[in-house]
Each structure stands twice: as structure tokens, then as C-alpha cells.
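Please read them with the structure open.

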Amino acid sequence: MARIYIETYGCTFNQAESIYMGNKLRAVHEIVNKPEEADLVIINSCTVKQEAETKLYRALRRYKDKKIIVAGCVPQADPELKDTKLRDYSIIGPGAINRIVEAVEKTLRGERFVDLSNHRPIRLGESLRKNKIIEMIPINDGCLANCYFCKTKQSRGDLYSYPLKLILNHVDLAIRNDAKELWITSQDSGAYGLDIGIDLSLLIKKILEEHRDKFYWIRIGMMNPNHAYRMRKQLGELYKDPHLYKFLHISVQSGSDKVLKEMNRPHNVRHYIESVKYYRSIIPEMTIATDIIVGYPTETDEDFELTLKLVEKTRPNIVNISRFWPRPGTIAANMKQLPFKIIKKRLEQLHLVVDEILEKENSKWIDWKGIVLIDEYGKNGSLKARNYAYKQVVIEKEEVEKTGIDIGDLVEVKITNSTKHHIIGKPLRIIEKNK
Ligand code: SF4
């Protein structure tokens, strides 16, 4: 039996795959929480941004005295790396993770394991618990788009939706085993089912029909705005159900239709604006999350102004801002790049606008009283919780110690303060202790 540490970068889908590998390995080996305790380290890499890829190479240097397996999207998107920068390591692509036990055995014996085959294993059927109460529900692999900046597409490929029945069985198992948050996850949740003649709204409807009584909240993961717009009537109705977090993550990337076209995105600005309007007309407190890329090679000052205006107009509650990074092998990497000075200035401008919105929107929650679910550990002994609108509520250490609350508890809180990132809650009473 060996001691294994798994380090994960990137999206929720990657996190789900690390949990899947951990489950398979746990039957034969010990999974440890600290790299220094491990004989072997699995690095589940992410290729979406240059920063994420740099993290992998830093980790390889950090763990140079350990046996290492590189998993995830970096080697899958760039298979030639197996003969160059990654030639000294075992490698397992996302399509081969069901062979992780074999990969570990071989690596422990000092041999090299390499499998970058394009199989698409379905990561369902056994529990994928992020912690005591959060269950990952991967619903599809790949997407329908072909965005010119995206490296992930090269590793994940075209849309492959998992059969409805398998997902429903997985959800059923999770709820019977007391999962309280279900994270619906994929590269584009909105694309689910379009290759098999169904859609995301049908999947959500079925889950809700089959599980009426027990407490749980569903978080629907990122989708492209064209899908949110296409399904607005059906999804809008479903969002009224108390089991759904009022949380919509629609990735707009730019406020300029010209840039969206030059990115080869599958949506336009109207899809995003109309979606925000429509879903907020049904649920005014809906948390809208979005992603924006600053400094795409063809982005002019006028295009960037449009992005600023779009943010000001739609006031999203979460904005993931990324600097554009040319990713090798993508079409956008061959375009003439913008000077860093310009990108830096635009990043600063956008951060200023976003910070002001977030601070103001979060402060509106002060004095709100209601139920939250404690779902993760925070910094310095604090706990993180979510309310029905997926607002992150931080409960500070002193309150945690005073009340004895823990992950999985349902607690009534009063919001006493806010920052641009979260709101701060004071527990009033425990509604239900987690078993
Ligand atoms: S939708 Fe676009 S950005 Fe997202 S994974 Fe697919 S190609 Fe990449």
C-alpha cells in the first residue's frame, strides 16, 4: 500500500475526476492530505490558461523527489509533451482515468505509464463527494462550440452527454446518502443532451420529480448564454422550485458582438442581456455569474468600452476576469497580440467597475435573515455557507466556536456585514444538525 496525494487545478469537472481517481485508488492505497506525506503525487492539470499550465511545471519541480503521474488536460491537449517536457513522467489523460490503479502500480515499480487514448469513460455510478455534503454530478464531457481561444476543446472534444438514466441513478444514490448540494458540472451544462435528443431542462425536471421530500440544493454549473436563452421558459419555471439554487452562470466573455464573432463564440450579447433580464424577472435575487476575457487580440478600445457598459448595465454578482493568454495550438494564438500595457490598463478599469458593483450588491443583503447551508471550511477557523440565492455567507471563527456549527448544518443567520466577495452572517439558531 502506497500513500498518494492528488493535486487538482482547474474546473469543477476536473475536481470531479480527481475524486473519481481517489475513490478507485482508496481500495488499494491510502490517500493523504499533504504532499509531504506521499510516496506518489498525481497532478490533475488544467490547460485553460497559461497560469494553470505554469502551475503544473512549478509542481513538477516542487515534487521532484516523489514519483509523479501527470493527469488531466495539459498532456491530452498537447500529446507531443509526452516526448518533450513531460517525458520523465507517467501520464494519464482524462479518457483513461479508469486505469489509474494500473498507472499507479506501474509508476511505483519505477516504470513509465502513458495513456492518452480518446476513450470517454462515464464518471458516474459511485459517489463523487467533494466533502461530506457536496456531490459532483458530471453530466457531459466536451461541448458543441469551437471557441478560437480555447485549449480545453483540444483535450475534451465534442459534446458527449451521459445517458439520462445513469445521471438520475447517480443523483438518487447521492440524495439517499445525504448529499445536500448537487453540483451539476460539465464544460457547458447548457449543451447537455443536445447530441441525444434531450436537454438540461428535462434532466432538472426529472430530478425534481423524483426527489420532492428530502432537503437538497442543486447548483447548475456554467453554461453559454445561448443555451440559457434558448431554455429560458422551461428553466425559468424550474428555478421557482425551492430545491434549485437561484444561481445562473452564463459566460459572456465580451460585451462586443464583433469580438464574440472573432472569438467564434456560439452566442451574442443579446443572448446574455435577455437571459439576465428574463431570469431576474422571475427571481429578482438570482445570482448571475459571468466570465470576461480582457485583451482578446482583436479587442479595440471601443469593444472594451462595450464590455464595461455591459457590466454596468447587467450588474452581475460574480465576475471572473481573465487576461487573454494566447494558448499554443489555438487560432487566437496566431493573431497579432495586443501590447501588455493596453491589457493591463483595461484589466484595472474593469476591476474598478466590477468591485464597485459587487460591494454595492452585497451590501443590500445586510440585515437579511434566513436559512443557510454550511458547505465548506473557510480561512482561519471560519465556515462558509450558502443561502437560497447561492450567496456566500461567511461565519467567523468566534461564532463557529460559540455555536458548535459544522458542515452540513442548516442554520438561521442574520447578515451583519459585507465585502465585495461575500456577506458575513451571525448564527441565530440551528435549524437542523447534519447527521
Ligand atoms: S464552449 Fe468554447 S470555451 Fe467552453 S469548452 Fe467549449 S470551446 Fe472551450
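**Notes on cysteines and salt bridges**

1. Start with Cys 11. Its sulfur has its closest cysteine sulfur in Cys 46, at 6.4 Å, which is too far for a bond. The cut-off for a disulfide is 2.5 Å between the sulfur atoms. Keep in mind that this is a predicted model.

2. How many disulfides does a search of the whole structure find? The search returns 0. A disulfide would be a covalent bond joining the sulfur atoms of two cysteines.

3. Now the charged pairs. The structure holds 39 salt bridges.

4. Glu 7 and Arg 62 form a salt bridge, and their closest N and O atoms are 2.9 Å apart. Arg 62 belongs to helix 2 (residues 50-62) and Glu 7 to strand 1 (residues 3-8), so this pair ties together parts 55 residues apart in sequence.

5. Are the two partners buried or exposed? Glu 7 is buried, at 8% relative accessible area. Arg 62 counts as partly exposed, at 49%. For reference, buried means under 20% and exposed means over 50%. The figure for Arg 62 falls in between, so the residue is classed as partly exposed.

6. Arg 99 and Glu 102 also meet through their side chains. Their salt bridge has an N to O distance of 2.5 Å. Arg 99 has a relative accessible area of 31% and is partly exposed. Glu 102 is partly exposed too, with 40%.

7. Next, look at Lys 414 and Asp 367. Their closest N and O atoms are 3.9 Å apart, and the pair forms a salt bridge. The criterion asks for a side-chain nitrogen within 4 Å of a carboxyl oxygen, so 3.9 Å qualifies.

8. What does this pair tie together? Lys 414 lies in strand 18 (residues 410-418). Asp 367 sits in the loop between helix 13 (340-363) and strand 15 (369-377). Lys 414 is partly exposed, at 30% relative accessible area. Asp 367 is exposed, at 52%.

Definitions and conventions
Residues are numbered from 1 along each chain as its sequence is written. This is a predicted model: local features need pLDDT of at least 70, side-chain atom pairs count only at pLDDT 80 or more; totals for chains, interfaces and linings use all residues. Side-chain values use heavy atoms; hydrogens and water are left out. Helices (H or I, at least four residues) and strands (E, at least two) are DSSP runs, numbered from the N terminus. Buried means under 20% relative accessible area, exposed over 50%, partly exposed in between (1.4 Å probe, protein chains only).
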